[in-house]
Each structure stands twice: as C-alpha cells, then as structure tokens.
Amino acid sequence: FHGETASEETFRDLVASVRRLADCAEAQGNVVVGVEAVAAVHTVGTAAAMERLLAETGSASVGVIFDPTNLTPPAGHRSQDEFLDECISRFGSRIVAVHAKDYRIVEGCCGPRKSPSLRPGTGVADWPGLFRRLRRIGLTDLPVLIEDTNPQDAPEAIAYLTRAWIDSGR
C-alpha cells in the first residue's frame, strides 16, 4: 500500500498493465490472467472496482481469484449475504479460482477489526453460502486453494471445505 493506491491514476495504470497481460494471454490462447482484490490495501479493493477493472480491461482472458476473506473490509461487513451477493453479481461469472481462509472480527484499539487469516472453518466466513452461490451460477469445478493453513491443520481444512461444498448442494 502507498498513498496513491486508491487514486484514479493508479487504477488507470493497473488497467493498462492488466490489458498488456491480457494481450499476452490472448496471444497464447487458453491462458487466463487471475486478478485478486484485497480490501483497503490494493487498487482493486471492492467488488465494484473488480467489476470496473474487468470491464475496462475488456478481455475474456482476465479472471478473478476470489478471496472473500481478503475482500472483506478491515472492520467486516454489515451482512455477509449482501457482500457475497454483490460479489457474485458483479464478477461471479469471471471467477477462475477461490482462495480459502477464514477470519474473525476482533476488538482492536480503534474498534472492531478483521483478525489475521485463520484456517477455513475456524472463523466467520460463510463458505457454504459462497459455495451455494457458485453452484447457482454453474461454477462447480473451480480450484479452491487453501491459504494460511499449516500442514498439520490441512486435513481439517480440507474436511471442512468438503462438508461445506456438500452441504451447499442440499
């Protein structure tokens, strides 16, 4: 993060950079450039900014690596349902992979704040709700990449996400 991260000029630079990457991906064929949004620290820090980047880049070779924990604002959401619905509405069809980790909202010195990343299933992220939405739009074969989980906790993370996926289909 730097002071100009959220500026229009930085966004324009990002669009130009992603467009160059998209040109290379298109030239190669069957290559996708994945872009991940991160709230409050990346130039693409909201669902609306991701939608705008996709539109202004104008390439089917640009997809979204959706990390709902990273896209959650530092103080959390008013409603996870509204957040997930907005994300799916704005860029759902362009999701090419999901990053799986979790978080909690903890009390900090300046009010509620998002915790450091946790193993999936140990926080408040609505994984069944996300998976239900992905199923609804036909995204049933996406890679789900577990992040911020140590090897000894990986079996529990995998089991949790598997249960969440199964439950989302009921």
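This is a predicted model: local features need pLDDT of at least 70, side-chain atom pairs count only at pLDDT 80 or more; totals for chains, interfaces and linings use all residues.
Reader: Which helices each supply at least two residues of the lining of the largest cavity?

Author: A search of the whole structure finds one cavity of 30 Å³ or more. Its lining includes Gln80, Phe83, Trp127 and Leu130. The helices that each supply at least two residues of this lining are helix 4 and helix 5.

Reader: What distance separates the end C-alpha atoms of helix 4?

Author: Helix 4 covers residues 80-91, which is 12 residues. At 1.5 Å a residue it should span 16 Å, and the model agrees, because its end C-alpha atoms are 16 Å apart.

Reader: Within what arc do the buried residues of helix 4 fall, seen down its axis?

Author: Phe83, Leu84, Cys87, Ile88 and Phe91 are buried in helix 4. They line one face of the helix, since seen down the axis they fall within an arc of 125 degrees. An α-helix has 3.6 residues a turn, so residues three or four places apart point the same way. The arc asked for is 125 degrees.

Reader: What is the volume of the largest pocket?

Author: The pocket is lined by 22 residues, and Gly45, Thr46, Ala47, Leu71 and Pro73 lie nearest its centre. Helix 2 and helix 4 each contribute at least two residues to the lining. The volume of this pocket is about 300 Å³.

Terms used
Residues are numbered from 1 along each chain as its sequence is written. Side-chain values use heavy atoms; hydrogens and water are left out. Helices (H or I, at least four residues) and strands (E, at least two) are DSSP runs, numbered from the N terminus. The expected span of a helix is 1.5 Å times one less than its number of residues. Buried means under 20% relative accessible area, exposed over 50%, partly exposed in between (1.4 Å probe, protein chains only). The arc is that of the directions from the helix axis to the C-beta atoms. On a 1 Å grid over the protein atoms alone, a cavity is a set of points where a 1.4 Å probe fits but cannot get out, and a pocket is an open set with protein on both sides within 12 Å along at least five of seven lines; lining residues have an atom within 4 Å of a point. Grid points are joined across faces, edges and corners, and a volume is the space filled by probe spheres set on the points.
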